[in-house]
Amino acid sequence: MKNEAFKDRPLCLSGKGVTKVFGYGNKANTAVDHVDFEFHEGELVSIVGESGSGKTTLSKMLLGLLSVTEGEIFFQGKPRDISNRKKKKEYWQGIQAIFQDPFSSFNVFNKIDTVLLDCINMRGGKHLPKEKKIEMMTEACSFVNLKFAELTNKYPFELSGGQMQRLMIARIFLLKPKILLADEPTSMIDACSRATILDMLLQLRDEIGMTIIFITHDIGLAYYISDSVYIMEHGKFVESGSADDVILNPKAAYTKRLISDVPKIHEPWDLSTVG
Ligand SMILES: Nc1ncnc2c1ncn2[C@@H]1O[C@H](COP(=O)(O)OP(=O)(O)OP(=O)(O)O)[C@@H](O)[C@H]1O
Ligand SMILES: [Mg+2]
């Protein structure tokens with residue numbers, strides 16, 4: 001389904017003039033500069049930009065992990081209220097993230113069972129019988145091709161990078177958030193696992209209708225997977241729209257440059273210049 005079809009769907013997450021300034025006075029650095037956005041239910045949105053363009057800063061504001069200097073974020077059409085711990089916890093039932101570095105996402109002292117049990121508890125399953133919880137954890141692991149029986153009693157650091165990434169997706173499978181924010185989840189794994197993980201995310205989106213916000217440098221990948229694309233340069237969105245409009249018919253010079261760095265979108269690789 002392409003971008004136009006999503007315009008009629010309810011808004012999931014949106015923002016007006018969202019800005020983040022780090023530091024003060026002559027040291028002030030505007031990392032995110034008055035961005036507007038509208039993400040709809042079930043939409044897959046990519047935010048594309050080079051290193052330092054403000055993608056992670058924006059993600060952290062969306063997640064409520066970083067305060068917004070100026071502007072406002074709306075959740076399901078209403079101003080987002082995360083003014084106290086209880087409200088923050090409620091908000092986090094709706095939005096979850098997969099980070100660039102999976103090793104930073106887990107408490108290293110928690111065994112994998114605990115990581116997964118926490119997800120069940122967060123979804124109100126605390127009082128379910130033990131067998132039911134094991135069944136749910138086993139199902140979540142098998143969704144990402146991990147064997148729960150082999151993971152019990154292990155710590156996250158005993159897993160490989162790829163297994164860790166999959167464990168993160170198993171968490172999402174249990175949490176079933178309305179919105180999943182994925183900040184370059186595939187950057188540290190090989191191309192084959194990368195495709196598998198993307199497939200898993202897309203399958204999850206279809207199953208539970210979540211909105212996916214995908215943060216990446218890779219405009220080719222964004223084109224391949226997204227309904228909509230937002231192009232970010234120096235903290236600003238220089239262009240946005242359906243993936244087809246933005247990437248097949250780019251208007252901003254920056255978008256054109258990003259695309260020209262990825263020859264494979266329009267033309268075959270020219271191997272004659274290699275080596
Ligand atoms: N906690 C912080 N304190 C001060 N400046 C910060 C902080 N976090 C980020 N910045 C600055 O904000 C700008 C945007 O950084 P950000 O991490 O959002 O970029 P990015 O687009 O995610 O880059 P990458 O693709 O490399 O992950 C950079 O200039 C960075 O130095
Ligand atoms: Mg980043």
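Select helix H4 (residues 112-122) and helix H7 (residues 161-175) in this predicted model. Their axes come within 8 Å and cross at roughly 25 degrees. Angles under 35 degrees count as roughly parallel, so H4 and H7 are roughly parallel to each other. The crossing is right-handed.

Now show the side chains where the two helices touch. On H4, pick Ile-112, Val-115, Leu-116, Cys-119, Ile-120 and Met-122. On H7, pick Leu-167, Ala-170, Arg-171, Leu-174 and Leu-175. Ten residues of this contact are nonpolar, none is polar and one is charged.

Next, move to ligand 1 and select the residues around it. Phe-22, Asn-29, Ala-31 and His-217 belong to this shell. The shell also includes Gly-49, Ser-51, Gly-52, Ser-53, Gly-54, Lys-55, Thr-56 and Thr-57. Colour strand E2 (29-40) and helix H2 (55-63), the elements that give two or more residues to the shell. Which element gives the largest share? Helix H2 does, with three residues.

Finally, zoom out to the whole protein. A cartoon view takes in eleven helices and ten strands. Of the 275 residues in the protein, 36% are buried. Turn to the contacts between residues with a separation of 6 or more: 67% of these join residues 24 or more positions apart.

Conventions: Residues numbered from 1 in each chain as written. Chains lettered and ligands numbered in written order. Predicted model: local features only at pLDDT ≥ 70, side-chain atom pairs only at ≥ 80, totals over all residues. Helix = DSSP H or I, 4+ residues; strand = E, 2+ residues; numbered from the N terminus. Buried ≥ 20, exposed ≤ 12 C-beta atoms within 10 Å, placed from the backbone. Contact = placed C-beta atoms within 7 Å. Axes fitted to C-alpha atoms, helices over the stretch in contact; angles between N-to-C directions. Parallel < 35°, antiparallel > 145°, perpendicular 65-115°, else oblique. Left-handed = near helix turned anticlockwise from the far one by under 90°. Nonpolar A, V, L, I, M, F, W, Y, C, P; charged D, E, K, R; others polar. Near = placed C-beta within 6 Å.
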